[in-house]
Amino acid sequence: MDASFVVVWLSVVVTILSRSHGDRNVYPSAGVLFVHVLEREYFKGEFPPYPKPGDSSNDPITFNTNLMGYPDRPGWLRYIQRTSHSDGVLYGSPAAEHVGKPTVIEITAYNRRTFETARHNLVINIMSTEEFPLPYQVEFYIRNMNVEEMLASEVLGDFLGAVKNVWQPERLNAINITSALDRGGRVPLPINNLKEGVYVMVGADVQFSSCLREVESPHNQLRCSQEMEPVISCDKKFRAQFHIDWCKISLVDITKVVTIYSNRPDPGFGVLPDVGEYNPPSESLKSRDYFADFLVTLAVPSAVALVLFLILGYSMCCRREGVIQMVHHSSIQKSTKELRSMSKSREISWPLSTLPVFNPISGEVVPPLHPDSYETTSMPLMQTQANLQKQMTIPQQQPPGDNYCMSTFRRLEVNGIPEERKVAEALNL
């Protein structure tokens with residue numbers, strides 16, 4: 001690669017922040033890629049050193065960039081910083097309409113350890129160039145690069161040198177660099193050292209070389225439609241460092257581009273006319289009386305509610321029907337309280353399962369199923385049919401020589417008194 005070309009490229013494109021505390025002025029050219037590196041080492045001097053002497057300062061530092069007086073940067077300027085321990089990069093391609101308009105970028109550095117900040121201004125003075133725009137432009141898609149890697153001066157210089165060997169132009173400039181994520185690409189999986197991919201547009205002053213035009217051949221177009229790699233003779237000049245997707249390359253000849261002028265449709269009602277910047281009304285506006293709005297929104301509903309409340313009070317307290325209803329309601333409340341107090345003091349009869357069982361053969365009294373400390377609050381107030389039809393079997397005596405059989409008794413409740421009735425009498429008592 002031509003050494004003089006690299007020197008010119010580094011002097012025009014890449015700008016490093018100086019150690020001065022004043023505003024930094026840079027002079028990029030319109031239509032040429034502008035790259036500005038925000039070095040962490042420069043801003044470390046703005047923050048206090050590490051508490052332990054001798055330790056190397058490695059504070060995490062992040063940057064925030066915005067156009068002075070606005071919350072964001074200009075549309076042509078982008079910013080990227082991969083981690084808080086890496087440098088930040090401002091990059092973009094200014095257009096011809098930005099020439100002669102100084103752009104002041106506020107750079108704020110945040111120390112994530114001490115939470116301190118440092119602020120500097122970067123003044124971008126965009127200059128015009130005679131060769132802008134270059135008539136022949138090519139956009140490459142490089143698959144094995146991230147945008148911050150491609151913005152490095154050494155890597156970008158190597159790529160332009162490879163393009164110059166293939167194209168052989170007199171003037172060659174990098175016009176723009178765009179991450180594949182900004183074109184709708186997907187974030188790659190963190191395996192096999194996959195990269196996001198980057199689009200690089202370069203421009204030259206001569207016709208496209210035969211190698212670049214091989215992409216437009218019908219054979220390579222067919223291979224691209226079948227998702228196969230096209231056969232490009234000059235790919236080996238890039239393959240050592242850059243993996244180019246030749247199916248995504250685009251050749252643009254701006255001398256043959258036809259400018260289409262179309263009449264804008266009528267914006268309709270409610271849309272401001274395109275008369276430049278919006279000028280808000282002055283502060284000398286006439287004062288407005290909000291007393292009528294107050295009466296409509298608060299006073300009138302409050303007055304209606306008050307009238308309804310008075311009517312309801314009169315009908316309930318002053319008329320005979322209302323008094324009768326209040327007395328009736330009071331008597332219902334009094335009866336309810338009396339019933340609740342009586343229910344608390346009533347005695348609950350023990351269910352049959354808690355009474356002792358008498359064995360008529362042995363004379364033994366079987367203890368109840370539940371002890372005396374059994375919780376009675378969960379007892380049912382009324383015995384259901386399922387609770388009453390609990391059966392118990394006891395042995396009965398048989399004649400000599402015969403075996404014993406079992407007789408069944410059924411527990412019943414008659415007039416609230418538990419009774420037992422034989423269902424089958426014992427044989428030969």
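Biologist: Let's begin with helix α8: how many residues does it have, and how far does it reach from its first C-alpha to its last?

Modeller: Helix α8 covers residues 291-317, which is 27 residues, and it reaches 37 Å, close to the 39 Å expected at 1.5 Å a residue. The expected span is 1.5 Å times one less than the number of residues. Helices (H or I, at least four residues) and strands (E, at least two) are DSSP runs, numbered from the N terminus.

Biologist: Where does α8 bend?

Modeller: At A299, by about 35 degrees, and a proline, P301, follows within four residues. The bend at a residue is the angle between axes fitted to the seven residues ending there and the seven starting there.

Biologist: What should I know about the model before we go on?

Modeller: This is a predicted model, where local features need pLDDT of at least 70 and side-chain atom pairs count only at pLDDT 80 or more, while totals for chains, interfaces and linings use all residues. Residues are numbered from 1 along each chain as its sequence is written, and side-chain values use heavy atoms, with hydrogens and water left out.

Biologist: Good. Now the inside: which residues touch the most other members of the largest nonpolar core?

Modeller: That core has 39 residues, and F140, M150, F159, W167, V202 and W246 touch the most other members. A nonpolar core is a set of buried Ala, Val, Leu, Ile, Met, Phe, Trp, Tyr and Cys residues joined through side-chain atoms within 4.5 Å. Buried means under 20% relative accessible area, exposed over 50%, and partly exposed in between (1.4 Å probe, protein chains only).

Biologist: And which elements give two or more residues to this core?

Modeller: Strands β6 (88-92), β9 (136-142), β10 (172-179) and β11 (198-204) do, along with helices α3 (147-150), α4 (153-167) and α5 (210-213). The largest share, eight residues, comes from α4.

Biologist: What does M150 touch?

Modeller: Leaving out residues up to four places away in sequence, M150 touches I142, M145, V155, L156, F159, I177, V198, V200 and F242. Contact here means heavy atoms within 4.5 Å. There is also a second, separate core of 20 residues, with F43, I61, A109 and I126 among them.

Biologist: Switching topic: how many disulfides are there?

Modeller: Two. A disulfide is a pair of cysteine sulfur atoms within 2.5 Å. One joins C211 to C234, with 1.4 Å from S to S. The torsion about that S-S bond is about -65 degrees, so the disulfide is left-handed. C211 sits in helix α5 and C234 in the loop between α6 (218-225) and α7 (236-239), so the pair ties together parts 23 residues apart in sequence.

Biologist: Are C211 and C234 buried or exposed?

Modeller: C211 and C234 are both buried.

Biologist: Which cysteines form the other disulfide?

Modeller: C224 and C247, with sulfur atoms 2.2 Å apart. Their link is left-handed too, with -90 degrees about the S-S bond. C224 is buried at 19% relative accessibility, whereas C247 is partly exposed at 32%. Numbering the bonded cysteines of the protein chain in sequence order, the pairing is 1-3, 2-4.

Biologist: OK, charges next. How many salt bridges does a search of the whole structure find?

Modeller: Eleven. A salt bridge is a side-chain nitrogen of Lys or Arg within 4 Å of a carboxyl oxygen of Asp or Glu. One of them pairs E41 with K44, at 3.1 Å from N to O. E41 and K44 are separated by about one helical turn, because they are three residues apart in helix α2 (residues 40-44).

Biologist: Which salt bridge links distant parts of the chain?

Modeller: E196 pairs with R82, the closest N and O atoms being 3.0 Å apart. E196 is in the loop between β10 and β11, and R82 is in the loop between β5 (77-80) and β6, 114 residues apart. E196 is buried at 12% relative accessibility, while R82 is partly exposed at 41%.

Biologist: What does R183 meet in a salt bridge?

Modeller: E139, at 2.6 Å from N to O. R183 lies in the loop between β10 and β11 and E139 in strand β9, so the pair ties together parts 44 residues apart in sequence.

Biologist: Which residues do salt bridges with shared partners join into one network?

Modeller: R82, E148 and E196.
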